Amino acid sequence: MSATGTTRQKMPADILAMKGGAPIVCLTAYTTPIAKLVDPHCDLVLVGDSVGMVLHGLPSTLGVTMEMMILHGQAVARGLSNALMVIDMPFGSYEESPAQAFRNAARLMGETGAGAVKLEGGVHMAETIAFLVARGIPVMAHIGLTPQSVNTLGGYKVQGRGEDGARLMADAQAVAEAGAFAVVLEKVPQGLADRITAEVGIPTVGIGAGAGCDGQVLVVDDMLGLFTDFKPKFVKRFGELGRAAEAAVADYAAEVRERSFPATEHSFADEVKK
Ligand code: KIV
Ligand code: NA
């Protein structure tokens, strides 16, 4: 509730203010109906570049384009009135230079109405994050397992175990110092995630990073059981919508084949009743 007693859509500052408080609830969305469904329950809705794998059948997020993000972003924006909308910068749209990142971030926000962008990277993206924030673009960072770097990371492995933990701590501190309003920690051991959460001043949003983060995020199709090609260890299926959909389609096919669908109630009479 705002000072005037009316509700308004959340802003990055509202998410930042949740640091250390009630857990921040986040999910992805890629379409208007799912955005409407998750909006009342979430603080933040992410138009993730996971859309490429989840809805377009791509083998990784590397093939996701600006045009795909904008189209899905516009659809999601139409379904949100409560949660902050954050949109992923796709692979190749920001890594080259801060100027390139600004041009594409401004386009993503301007053409979709998103309240912030998310990009992957820690220490090496800090300069770009500061450049964007100084020019009016709120940034959510994403460190740990960064799927756009799957080819250099050598797979979708847990990041920051043992000695490697210092690297992730430095990444988290660098993005916080650069002005990011929150940071996603993906596939990071829970003890390290707890230490990062304790030491950085911005909210940590975990996915496969334990219960100690300031918030949690999941891919909505994963938690609904709609995307079933594979299930990462960090996914919990809160529903089995894929199974339900399969059963419904099988019933439909059977009823069409036995001519029990459509029934009279789904059909139109030749004469209108007086
Ligand atoms: O693209 C995505 O869905 C994400 C979340 C898993 C954090 O980046
Ligand atoms: Na992403």
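**View 1. Arg8 in the segment before helix H1 of the predicted model.** Arg8 belongs to the stretch that precedes helix H1, which spans residues 12–16. Ala83 is 75 residues from Arg8 in sequence, yet the C-alpha atoms of Arg8 and Ala83 are 8.9 Å apart in space.

**View 2. Packing of helix H6 against helix H8.** Helix H6 covers residues 126–134 and helix H8 covers residues 165–178. The axes of H6 and H8 are 8 Å apart and form an angle of about 20 degrees. Angles under 35 degrees count as roughly parallel, and H6 and H8 are therefore roughly parallel to each other. H6 and H8 cross in a right-handed sense. On the H6 side, the contact is made by Ala126, Ile129 and Ala130; on the H8 side, by Ala174, Val175, Glu177 and Ala178. Of the residues in this contact between H6 and H8, six are nonpolar, one is charged and none is polar.

**View 3. Glu186 in strand S6.** UniProt, in an unreviewed entry, lists Glu186 under "active site". Strand S6, in which Glu186 is found, runs over residues 182–186. Glu186 has 22 other C-beta atoms within 10 Å. Because 20 or more such atoms make a residue buried, Glu186 is classed as buried. Leaving aside residues up to four places away in sequence, Glu186 touches His142, Gly144 and Leu145, as well as Ile207, Gly208 and Ala209.

Definitions and conventions
Residues numbered from 1 in each chain as written. Chains lettered and ligands numbered in written order. Predicted model: local features only at pLDDT ≥ 70, side-chain atom pairs only at ≥ 80, totals over all residues. Axes fitted to C-alpha atoms, helices over the stretch in contact; angles between N-to-C directions. Helix = DSSP H or I, 4+ residues; strand = E, 2+ residues; numbered from the N terminus. Parallel < 35°, antiparallel > 145°, perpendicular 65-115°, else oblique. Left-handed = near helix turned anticlockwise from the far one by under 90°. Contact = placed C-beta atoms within 7 Å. Nonpolar A, V, L, I, M, F, W, Y, C, P; charged D, E, K, R; others polar. UniProt positions renumbered as here; feature names shortened; annotations may be inferred. Buried ≥ 20, exposed ≤ 12 C-beta atoms within 10 Å, placed from the backbone.
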